[in-house]
Amino acid sequence: MSSVTQAYCVKCREKRDINNPQATYTKTGSAITKGTCGVCGTTITRIGVTEAHASVPKPPVEPRARKNK
Ligand SMILES: [Zn+2]
């Protein structure tokens with residue numbers, strides 16, 4: 001069991017350790033972890049819930065306004 005969060009870096013084209021990972025949510029309510037590539041410094045995002053999300057309040061997702069008329 002590792003606490004290191006990894007994500008795919010598009011620059012390295014490999015999975016890299018995320019530097020300074022931050023658990024957050026997208027505006028659509030998806031759990032993501034954001035950070036920078038430990039090798040090249042590119043911002044990388046990992047999609048999915050992690051342990052860290054347990055302490056992060058999920059923001060309310062604004063329902064899309066529907067215009068049915
Ligand atoms: Zn990289």
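This is a predicted model: local features need pLDDT of at least 70, side-chain atom pairs count only at pLDDT 80 or more; totals for chains, interfaces and linings use all residues.
**Sheet and positive-phi residues**

- You're looking at an open sheet of 4 strands, ordered 1-2-3-4, with antiparallel pairing.
- Strand 1 and strand 4 (43–47) are the edge strands, and each of them pairs on one side only.
- On average, neighbouring strands of this sheet are turned by 45° against each other, direction ignored.

**Strands 2 and 3**
- Strand 2 and strand 3 (residues 31–37) run antiparallel, and 6 bridges join them.
- If you want a specific pair to click on, take Gln22: its bridge partner in strand 3 is Lys34.

**Asn20**
- Asn20 is part of strand 2.
- Its phi is near 55°, which is a positive value in a residue other than glycine.

**Arg13**
- Arg13 sits in the loop between strand 1 (6–9) and strand 2 (14–25).
- Phi here is positive too: the value for Arg13 is near 60°, again in a residue other than glycine.
- Buried or exposed, then, for Arg13? Arg13 is exposed, because it has 8 other C-beta atoms within 10 Å and 12 or fewer is what exposed takes.

Methods
Residues are numbered from 1 along each chain as its sequence is written. Helices (H or I, at least four residues) and strands (E, at least two) are DSSP runs, numbered from the N terminus. A residue is buried if 20 or more other C-beta atoms lie within 10 Å of its own, exposed if 12 or fewer, and partly exposed in between; C-beta atoms are placed from the backbone. Two strands pair if DSSP finds at least two bridges between them. Axes are lines fitted to C-alpha atoms, for helices over the stretch in contact, and angles run from 0 to 180 degrees between N-to-C directions.
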